[in-house]
Amino acid sequence: LYAENKWRKTAEKFGLRLIIMRLAGIYGLGRSPIERLQTGKARVIRKPGLLFSRIHVEDIVEIIRLFIERDDISGTYNICDNKPASSETVMKEASRLIGIECPTPVRMEKLDLSKTALDFYSESKKVSNKKLLKDLRYEMKHPDYFSGLKAIANDLKRSEKNIKSNEH
């Protein structure tokens, strides 16, 4: 908030348009639960009621493009999809998509987490994107983690097919 307020004051001082984008948890090809599962680095932390908003990188790119093109918009926007979910729920969907068993969920209290991790998991990070969708009249490419993870799984399958066909 301190940084945002500094930017607001600077924009006001110089008469500039300002768009503040508050990004939710970013995921996409190369940065998703699917790759963590495939590399054996996935873990599922269970904390009932803990939800997180997310955003697929393809939507971030498109939203930034629209903000650049439109000179009639300014303000603060939550950049997230339409379906906050628990880490456990998202990991289960990623597991289902690629046919890998989901790691056994572990209650947060049983993990030796850093102070930063404990702070992160201390409260839900669930926000609304209604203002973004209304002002930009934007239809999300990946309105939820189901769509985003399915696209990643399909991209990975295509990559594997291309690698196999190039080997022959």
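The legends below describe several close-up views of a predicted protein model.

In this predicted model, local features need pLDDT of at least 70 and side-chain atom pairs count only at pLDDT 80 or more, while totals for chains, interfaces and linings use all residues. Residues are numbered from 1 along each chain as its sequence is written, and side-chain values use heavy atoms, with hydrogens and water left out.

View 1. Helices (H or I, at least four residues) and strands (E, at least two) are DSSP runs, numbered from the N terminus, and along the sequence they follow the pattern α-β-β-α-β-β-α-β-α-β-α-α-α. The C-alpha atoms fill a box of roughly 55 × 45 × 25 Å, taken along the principal axes. Of the 168 residues, 36% are buried, where buried means under 20% relative accessible area, exposed over 50%, and partly exposed in between (1.4 Å probe, protein chains only). Contact means heavy atoms within 4.5 Å, and among contacts between residues at least 6 apart in sequence, 86% join residues at least 24 apart.

**View 2. The largest pocket, with about 620 Å³ of space.** On a 1 Å grid over the protein atoms alone, a pocket is an open set of points where a 1.4 Å probe fits, with protein on both sides within 12 Å along at least five of seven lines, and lining residues have an atom within 4 Å of a point. The lining has 29 residues, of which Gly 25, Phe 52, Arg 54, Ser 87 and Phe 120 are the closest to the centre of the pocket. Strand E1 (19–23), strand E2 (25–27), helix H2 (33–39) and helix H4 (87–98) each supply at least two lining residues, and H4 gives the most, with four.

**View 3. The largest nonpolar core, with 15 residues.** A nonpolar core is a set of buried Ala, Val, Leu, Ile, Met, Phe, Trp, Tyr and Cys residues joined through side-chain atoms within 4.5 Å. In this core, Ile 34, Tyr 145, Leu 149 and Ile 152 touch the most other members. The elements giving two or more residues to the core are H2, H4 and helix H7 (145–167), and H7 gives the most, with five residues. Leaving aside neighbours within four places in sequence, Ile 152 is in contact with Tyr 27, Gly 28, Leu 29, Ser 32, Ile 34, Glu 35 and His 56. A second, separate core of 14 residues includes Leu 66, Phe 67, Ile 73 and Leu 136.

**View 4. Helix H3 (residues 57–69) and the elements around its buried residues.** The expected span of a helix is 1.5 Å times one less than its number of residues, so the 13 residues of H3 should span 18 Å, which agrees with end C-alpha atoms 19 Å apart. Asp 59, Ile 60, Glu 62, Ile 63, Leu 66 and Phe 67 are the buried residues of H3, and they pack against E1, E2, strand E4 (54–56), strand E5 (75–79) and helix H6 (130–136).

**View 5. Arg 137, in the loop between H6 and H7.** Although Arg 137 is not a glycine, its phi is positive, about 50°. Most residues other than glycine have a negative phi. Arg 137 counts as exposed because its relative accessibility is 66%.

Terms used: Grid points are joined across faces, edges and corners, and a volume is the space filled by probe spheres set on the points.
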